[in-house]
Amino acid sequence: MRFDGWIAGLGTTGGVRIVVGYWPLSPLGPFADVMVERADGHRMLLAPSEEVVRFVTATYRFDEVVICPVTVIPAHDRWDVAAGPLALTFTPGRPTVLGRLLRLAPGRLAGSPGWAALCDVPARVLMRGVRTRGSAGAGRREWYAARDLRSITAADAAWDGRRLGALRDVHPPVRFGFGSVPRRPSLTRVATTVEVSDGV
C-alpha cells in the first residue's frame with residue numbers, strides 16, 4: 001500500500017510534540033491525520049474516520065484515539081491544520097541541504113522502498129531517532145522514502161483554545177512507531193510503502 005504526501009513534525013515549549021500526516025494520494029483516498037504526544041507521554045491519534053483509525057492503529061501505538069474532522073490547507077508560506085481540539089499553523093522554510101540533495105534523486109527511484117532502505121543508515125547517523133524502514137507491527141513492514149526536507153521556521157499551536165507554547169525541537173522523540181520524526185521541526189515530502197500480511 002502506497003501513500004504519497006507530507007509529514008510535518010514539531011515540538012512546543014509546553015512539551016507537546018505534534019506529527020501531521022497529509023496524504024493527497026493513498027489507498028484510503030485523500031486524508032490527513034495528526035499524532036500528538038503530550039509532555040506526560042500520553043499518545044493520541046486524531047483521525048477523520050473509522051477506516052483510517054483501523055489502518056493507523058494496526059501500524060502505530062496510541063493511548064487514546066479521537067475521530068474528528070482533520071483539515072490541512074497547505075500553501076507555500078503557511079500550512080493550516082484543524083483537527084478536533086487542535087488548531088495549528090506553521091511556516092515551512094526553504095529546503096535544507098539534505099532536502100536539496102534528496103530532490104536530485106529521480107522520481108521513480110526517490111519514491112521506492114529500495115531508496116528508503118538505502119537511506120536508512122545515513123538517516124540514523126544524520127538525524128538521531130529517524131528510521132526510514134522497519135517493522136510496523138501486525139506483521140507489517142514499512143518504508144519511508146523522503147523526497148524533500150524543509151525546516152519549519154515558525155508555528156502557533158493551541159489545544160481547546162489554550163496556546164501550547166513556542167516552537168521547539170521534537171524532544172524527547174515521539175513514540176508512536178519504530179522511529180521518530182527529525183528532532184528539528186521539519187516538513188518532509190515522502191512516499192510511504194506499507195507491506196501488509198492480511199491484504200488490508
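User: What does the accessible surface of the chain come to, and what part belongs to carbon and sulfur atoms?

Analyst: Accessible areas come from the Shrake-Rupley method with a 1.4 Å probe, and for residues only the protein chains shown count as cover. Here the total is about 9,800 Å², of which carbon and sulfur atoms hold 56%. This is a predicted model, in which local features need pLDDT of at least 70 and side-chain atom pairs count only at pLDDT 80 or more, while totals for chains, interfaces and linings use all residues. Residues are numbered from 1 along each chain as its sequence is written, and side-chain values use heavy atoms, leaving out hydrogens and water.

User: Why does F55 count as buried?

Analyst: Buried means under 20% relative accessible area, exposed over 50%, and partly exposed in between (1.4 Å probe, protein chains only). F55 counts as buried because its relative accessibility is 10%; of the 200 residues in the chain, 49% are buried.

User: How many residues does the largest nonpolar core have?

Analyst: A nonpolar core is a set of buried Ala, Val, Leu, Ile, Met, Phe, Trp, Tyr and Cys residues joined through side-chain atoms within 4.5 Å. The largest has 24 residues, and F90 and I18 are among those with the most contacts inside it. Apart from it lies another core, of 22 residues, which includes F55 and V56.

User: Which residues does F55 touch, beyond those up to four places away in sequence?

Analyst: Contact means heavy atoms within 4.5 Å, and on that basis F55 touches M1, F3, L28, R140 and V194.
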